[in-house]
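Dear colleague,

Please find the structure below, handed over for your use. A summary of the findings comes after it.

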Amino acid sequence: MQAGNPHAQLQQQQHQQVQQMQWQQQRQNTLRSMHQFMTQHNLPIPYFLFHLDPAPGYNHAEFSWHWIERGPVFGSFRVTGFDMDVDAYALWTIVTKHGGSHNLSSNNTWPQLVQYLRLAPQLPQPHPVTGTTAAVDIIRKAFSDLFGPLEQLWQQRRGNNAAAGGTDPSQHGAPSPATSIPQAPTPGPAQAPTPSQSGAAASPVAYMQQEGTVDGSTLASTPAADADNKRKSEDIDEREAKKMKMDPALEPNSLPGSPERQSPQRGTTVDPERKPTPAPPPRMRNKIEYVPLKREVTSYGGRDIDAIDQELSRAHQRRPIRPIDEWATIDIEVLQLCIRARTRTELSYGLTTLQYVCAMRSATNPADPPGTQERGIQLSSAPELLEDLLDLAEETAFGPGFDGLGIGLGSRTTLPSYPATESAAAGSRPWTHRELIALVEESGGNAFASLNDVPNFADRTRDPLPRKATYILAPLAIMASLAPTLENDIIMAKHPRLLEALLRLCTLDPPCAPTKQDGPLKAPRSVSSILALKDVVDIRKHVLWILFGFGSTHVTLAHHSPEVTRMAFELLSSFLVDQDEALSPWKLLQELGGTLQSTDVHPPTLQAMALETLTQLALHDENRMAIARLVPAPRIQTLFTALVYRLPVAERDFHVLFKTAWLVWTEHIVMSLYTLAFLAPPSIKRAVRTNTRLGFGAIMLRFVRRLTVGIGQEFREPFLSVTRRAIELVKVVDDAEDVFDTPAATGGAILGFGMGYGESTVQRMEKGTGIYGGHQDAVWSVLSMGPSVLDDVMFAELDSLARLG
């Protein structure tokens, strides 16, 4: 091969690369085979040598190799306290190649092995294990500690093979661990990569062949070794001759690495002085692999993500917000004047300061009476603060002078109305919260999304000022912080126009989604010209927080317009009626990424708040009657059906109920169903009872039986409350009566809210078959539980549900 031929040089480089890869693969296979062999024969395993996790109970300090550390690459080790990295594969290979450590000690060839390993012959100071500075003593000690038991078993099998007339196991490549000790052959000159190529020390035989010092077979050149090598060479020649006699096609023209000689089959003679032509290296097949370019994202929207993560990690270590008692005196009237000024600078200062102050709470004082520990800003001390915040939000959204009455403002106050009749509600449904978020995300993914459908885009300036929507969201955030504070809940609930103004801000155009549409669903718009759909989604969440904060128990719907009742019901329904979110507890827990063992996964916050707010809003008689008369029956039925799908059905659903948060979640669902059943007209109750696809009766019967018969007595008490409410719910649906009719019209008494059949003062003779008339065996299994589970009221109601008419 000519040195100046570029093509020949390229082929030679490719050939060396292939041999280098083969040698590296052979090295890895030998080490893995060594580990497998040690495991099968219960030999001590140095896990650090194979870069493996140690077995349970492994203590590195208890073994003889405690002074050896893990090396930088697979199959290497490092001497503790000294900069000495040793290739364990090369050490094992060369020692076993020449008969074992005993032969190397007898022939005094350990110093040559240290030289082949390219280690310094002397250490700067004595090693604490050997007590000397000689590297020979350290390498001999390391081999004995790491491979002593393995070498002993290898020598034993080597002697057995020799006695049986077999071959020396040291001459094999990497035999099966089940049959012999793992052994790797020493690579040849072309196979041995340089240390810079392989990243680790190569075989010592390769080192000495590259340097041209001495052949690897002469490391321990003794008469006994020469005789042994001669005998092995004759055995190999004899086996090759037998193969060629059996199959003449196997005869080569010349043996590799030796002069050509006469072929007995062909009878031709070749010049013995002619040098053999080296075989060309095998051609490599180039494999082209297309790897996609992975771009590392370090920013989003012009913000450094790594800097944000670092700031968040530091924020957890900071001191929490100080209580309001530790701050100096703050003049609320000054902040109110800033809001009334309506200048951007004053508004920014006033709203920002109020957000911080309203979020603070007083420090816990044990001397305070119950209920006064969470005390913040009192609206009673700043009576005009709520008016100022509400005026700012309304004027920003609907223009100056808006008073909620629609007087003198023309088309700007023409707000869409919600369906008031069953026929109008039949072709529409509420916009769900999940649906609105999906529409916002979809619109944000369009091209030039920041310029499309931006409200009031023409009024924007180039100054770095907040959007006008901020002056609506900020007051709502302040109200949400004020609502749960003691005494503020009553003031906000009794405010004459707060509830209507908040619900108007949540209104969309169109206010309801169509049940059937041609093509994709079109996103609604806000009734305010400055609010985008994303702003409306945030406002609806803020309003839900406010309603949940002041409890809604002090709200009287009769004091507001009929449209307020419909808007409030539509808002609460939007968080509960989505079909994709109406899941049983176990499926919902999986959707949130939890398991049965998870303790930090709770039900969705917004849905839980909507359930509790609906229950509290319909707690008083006047509010129940207003909802029953003003909200269309299809809306009540839709919400009732969605809540039934959230009840536990499967066995894993009931396992989830043993977590307190999910038991409270289920209690809210049952209570909301009871509220809707109490409000629903008789037609809706009969439809629910006869709807076999919904399976309301079967679901509730399994629910009652599983929480009574299916739970041990020691765990049954937390479930008795929800069980009683479930029985009363089924009883209300089974009666299918209008509870708001007068006694004269129905001939009976009105059942009070929360009062079951057994609690009524007037005992009626019921006719017809109950909803569980065909499941008397299941019902009687519950009735047989006795008074420890069922009181007189629950017993009478269950007995009534299983009647046969």
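Predicted model: local features only at pLDDT ≥ 70, side-chain atom pairs only at ≥ 80, totals over all residues.

The chain has 805 residues, of which 43% count as buried. Its secondary structure comprises 31 helices and 9 strands. Among the contacts in the chain with a separation of 6 or more, 72% are between residues 24 or more positions apart.

Two packed helices are described by the angle between their axes and the distance between the axes. The pair examined here consists of α12, spanning residues 385-398, and α17, spanning residues 498-505. Their axes come within 11 Å and cross at roughly 30°. Since angles under 35 degrees count as roughly parallel, α12 is therefore roughly parallel to α17. The crossing of α12 and α17 is left-handed.

On the α12 side, the contact is made by L386, L390, A393, E394, A397 and F398. Their counterparts in α17 are L498, A501, R504 and L505.

As regards cysteines, the structure holds 0 disulfides. C506 has a relative accessibility of 3% and so counts as buried. C512, with a relative accessible area of 10%, is buried as well.

With kind regards

Conventions: Residues numbered from 1 in each chain as written. Heavy atoms only, no water. Axes fitted to C-alpha atoms, helices over the stretch in contact; angles between N-to-C directions. Helix = DSSP H or I, 4+ residues; strand = E, 2+ residues; numbered from the N terminus. Parallel < 35°, antiparallel > 145°, perpendicular 65-115°, else oblique. Left-handed = near helix turned anticlockwise from the far one by under 90°. Contact = heavy atoms within 4.5 Å. Disulfide = S-S within 2.5 Å. Buried < 20%, exposed > 50% of the residue type's maximum accessible area, 1.4 Å probe, protein only.
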